[in-house]
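Hi,

Here is the structure I promised to pass on. Please open it alongside this note and have a look before you read on.

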Amino acid sequence: MATVRNRRILLARRPAAEPSEADFEFSEVKLPDLPPGQMLLRTLWLSLDPYMRGRMRDAKSYAPPVAIGDVMVGGTVSEVVSSNLPNFAPGDIIEGRTGWQEYAFSDGTQMRKVDPSPAPISTALGVLGMPGMTAYFGLLHIGQPKSGETVVVSAAAGAVGAIVGQIAKLKRCRVVGIAGAQEKCDYVVNELGFDACINHHAPDLSHCLQNACPKGIDVYFENVGGKVFEAVLPLLNNFARVPVCGLIANYNDAQLPPGPNQVPLVLRAILSQRLNFRGFIQSDFADQKASFFSDMITWVREKRIKYREDVVEGLENAPQAFKKLFRGENFGKLLVRVARPNLR
Ligand code: NAP
């Protein structure tokens, strides 16, 4: 094979607040020959996800940080270019975690062959991948929605939230979304079938939410935290379930917000309303992936679950695009198209 150069994006420094392009560094290296027991993967799609902000921080978390100078972590869909592995052949489409780079070697560990028949291969990073699993397990296992209950989900037009709301509709719940733009609210109501959606920039957020949830809230799928959580808390019914999935409103904070200590208020609500908060990481449910794929592939095929992608072209645009997540500028699952397939 002719000399191949690998363009990569490395973590250059740890951001103090919102990430910027200067936190990343471009690098280009010559790829060595394919080692024994490995395959060469060419990245087609890179997923941009809020958790990556946590990996840029050197703090205790459920996963180690990216070291300065290392390739940024990230989920990818790739094609096999060449292979020394018996189970992977050139042209196979693979979902894995090969990061912000054009090529990667892999020994096949934690790589999943993608079946391109149910939906475009990019969905292996969205509705038929990690965000879909997050919505499915968080809502069904922790939220446990019952017919007629009220389910509220924040970041409702996003990769996870849009799927949460649609699954809750399949379970015959009243579903109220919270999103950051009228266009997003219109989308989740008119396209996805939510019953209502509140813009979290509305000055009377608490009042609007109360009107949209006349029977209170039985399940709150927490994606953002911050002032949205403060508006939701007083509306939670006795025995409400709160899958704590993400707190994106706080991911860029360098310190705790000022103001009165809210801990007693939150704990009193948990006690007196007998609330069930449970944080989770989707990988907690890795042993149950089969049920996810079986249900979600069926729902997507039958168009009972719809999805939306926000596609940015070119690996070099990943650092700039990443910021969209924290500004509410993405509309749907944020993806970078790194290359088009050569071998299919
Ligand atoms: P997404 O919703 O597609 O994109 C992020 C969205 O968050 C933005 O578009 C914006 O939507 C909203 N947002 C950003 N800053 C906000 C703020 N200050 N206040 C309110 N909303 C804000 O992202 P996603 O991939 O689906 O992730 C959603 C959440 O789930 C994140 O917190 C993420 O960390 C979490 N997550 C957790 C797991 C897990 O295993 N626990 C797995 C995947 C994702 P608006 O325009 O509507 O404000």
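Predicted model: local features only at pLDDT ≥ 70, side-chain atom pairs only at ≥ 80, totals over all residues.

**The ligand site**

The ligand has 27 residues around it, and those that come nearest are G180, K184, H200, N223 and N330. By class, this shell is made up of 16 nonpolar, ten polar and one charged residues. Both domains take part: domain 1 (5-124 + 308-337) and domain 2 (130-285 + 293-298) each give at least three residues to the shell. Helix 2 (130-143) and helix 10 (324-327) each contribute at least two.

- G180: a polar backbone atom sits 2.8 Å from an oxygen atom of the ligand.
- C245: a backbone N or O atom is 2.9 Å from a nitrogen atom of the ligand.
- Q282: a backbone N or O atom is 2.8 Å from an oxygen atom of the ligand.

On its own the ligand would expose 910 Å², and the protein buries 90% of that.

**Helix 3**

How much of helix 3 (residues 161-170) is covered? Most of the helix is, with eight of its ten residues buried. The buried ones are G161, A162, I163, V164, G165, Q166, I167 and A168. Just after helix 3 comes R172, with a positive phi of about 65°.

Technical notes:
Residues numbered from 1 in each chain as written. Heavy atoms only, no water. Near = heavy atom within 4 Å. Polar contact = N/O pair within 3.5 Å; in protein donor to acceptor, adjacent residues only side chain to side chain. Areas by Shrake-Rupley, 256 points an atom, 1.4 Å probe, with all protein chains shown as cover. Helix = DSSP H or I, 4+ residues; strand = E, 2+ residues; numbered from the N terminus. Nonpolar A, V, L, I, M, F, W, Y, C, P; charged D, E, K, R; others polar. Domains from an automatic or database assignment. Buried < 20%, exposed > 50% of the residue type's maximum accessible area, 1.4 Å probe, protein only.
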